[in-house]
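Here is a short tour for a first look. Keep the structure open while reading.

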Amino acid sequence: MARYDDLPADRKAVLQLVLRQGRTYDEIAGMLKISPETVRERALNALDELTGDDAPELAPDVQDDVGDYLLGQQSASRRAATRAELERSQEARDWARVVSGELRASGLATDESLPEIPVEPAEVGEAFDALHARRRARAEQQRSSRLGGVLLLGALALALAVGIAALLGAFSGGDDSGGSASATTATQGTQTTTGTQVEAQINLTPPSGSSSTALGVANIVSQDGKRALAVVGQDLPAGSHYVLWLRNGSTTKFLGFFPPVQGSGKDKGRLQGLVLAPSDLSRYRELLVSREQSSKPSEPTTVVLQGSLKG
């Protein structure tokens with residue numbers, strides 16, 4: 001919050017009126033008895049000061065447009081034009097993400113209240129490539145440890161060498177009849193076996209409109225005629241219950257809780273777990289990871305990652 005705390009009082013006030021009360025520049029101008037241009041100038045200068053040295057330099061008109069976009073102060077046509085600019089410009093997206101991060105850190109905005117910042121397919125690919133490389137390096141270290149060999153699963157190289165006996169206890173809850181969730185926490189399977197095959201990979205991304213940077217991947221793996229889902233994610237906040245679900249339209253099925261996500265250390269923000277695939281897996285179209293406050297959720301509350309099972 002340091003950068004926000006250092007803003008002049010008049011700029012803080014404008015941001016609070018815009019982001020907490022949903023006021024327009026014209027409405028604030030009427031309240032403060034100043035011109036809408038002055039209100040806009042204060043708001044955009046505040047955003048510029050929030051970025052510090054962390055954001056790239058943008059042309060002033062582009063930066064102002066992106067600032068108006070983030071503050072919800074554009075007409076539908078202008079918003080579409082700014083979004084198109086964000087899709088074209090890596091620098092504009094980077095600047096918008098720095099500002100969004102500062103607004104969330106200040107408590108003025110949430111992921112839900114800020115507009116979507118487009119992501120280029122190449123950016124997603126680069127992120128997965130980087131994660132893949134880090135997981136590969138870690139897997140090499142594990143091969144020389146007590147865990148023995150590991151299996152790299154999917155684009156995130158999920159280092160889980162799967163044994164069916166371990167899978168049976170990997171997630172709690174999630175019976176094959178679709179019963180309600182249990183409060184027991186899952187454990188991570190680490191037994192090393194051979195003969196495990198990856199049948200399919202499901203890329204997991206935040207829901208449309210979210211500004212979350214979380215990424216994940218799930219793999220359908222099989223061994224000796226039995227199937228399982230191996231899931232890993234990153235950049236998720238600690239302090240919540242994370243739950244795996246299947247969904248088809250309005251029908252959902254609870255599969256189990258993940259082990260707690262750590263808030264510090266080498267596993268900070270990492271989510272990982274295994275669950276036996278239900279016999280009716282083919283009935284469902286989507287795989288979901290939700291964040292829950294309740295230890296006994298009956299349906300997904302806040303979906304943080306999702307992906308298509310593609311039949």
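Two residues are in contact when heavy atoms lie within 4.5 Å. With that cut-off, the buried residues of helix H3 pack against helix H2 (9-19), helix H4 (36-51) and helix H5 (60-70). The model shown is predicted.

**The whole protein**

The protein has 311 residues, and 43% of them count as buried. Its secondary structure comes to nine helices and 10 strands. The accessible surface of the protein is about 15,100 Å². Carbon and sulfur atoms account for 46% of that surface. Take the contacts between residues at least 6 apart in sequence: 63% of these join residues at least 24 apart.

**Helix H3 and its buried face**

Which residues of H3 are buried? In this helix, residues 25-32, they are Tyr25, Ile28 and Ala29. Seen down the axis of H3, these buried residues fall within an arc of 105°, so they line one face of the helix. Their packing partners are H2, H4 and H5.

**Two residues with positive phi**

Most residues other than glycine have a negative phi. Two residues are set out here with positive values. Lys33 follows H3 and lies in the loop between H3 and H4. Its phi is positive although Lys33 is not a glycine. Asp235 is also a residue other than glycine, and its phi is positive. The loop that holds Asp235 runs between strand E5 (226-234) and strand E6 (241-248).

| Residue | Phi | Relative accessibility |
|---|---|---|
| Lys33 | about 60° | Lys33: 73% |
| Asp235 | near 65° | Asp235: 39% |

Are these residues buried, partly exposed or exposed? Exposed means over 50% relative accessible area, and buried means under 20%. Lys33, at 73%, therefore counts as exposed.

**Where H6 meets H7**

Two packed helices are described by the angle between their axes and the distance between the axes. Helix H6 covers residues 76-88 and helix H7 covers residues 90-106. Their axes come within 5 Å and cross at roughly 110°. That makes H6 roughly perpendicular to H7. On the H6 side, the contact is made by Leu86, Glu87 and Arg88. On the H7 side, Gln90, Ala92, Arg93 and Ala96 take part. By class, this contact has three nonpolar, one polar and three charged residues.

How values were computed: Residues are numbered from 1 along each chain as its sequence is written. This is a predicted model: local features need pLDDT of at least 70, side-chain atom pairs count only at pLDDT 80 or more; totals for chains, interfaces and linings use all residues. Side-chain values use heavy atoms; hydrogens and water are left out. Buried means under 20% relative accessible area, exposed over 50%, partly exposed in between (1.4 Å probe, protein chains only). Helices (H or I, at least four residues) and strands (E, at least two) are DSSP runs, numbered from the N terminus. The arc is that of the directions from the helix axis to the C-beta atoms. Accessible areas come from the Shrake-Rupley method with a 1.4 Å probe; for residues, only the protein chains shown count as cover. Axes are lines fitted to C-alpha atoms, for helices over the stretch in contact, and angles run from 0 to 180 degrees between N-to-C directions. Angles under 35 degrees count as roughly parallel, over 145 as roughly antiparallel, 65 to 115 as roughly perpendicular and the rest as oblique. Ala, Val, Leu, Ile, Met, Phe, Trp, Tyr, Cys and Pro count as nonpolar, Asp, Glu, Lys and Arg as charged, and the others, Gly among them, as polar.
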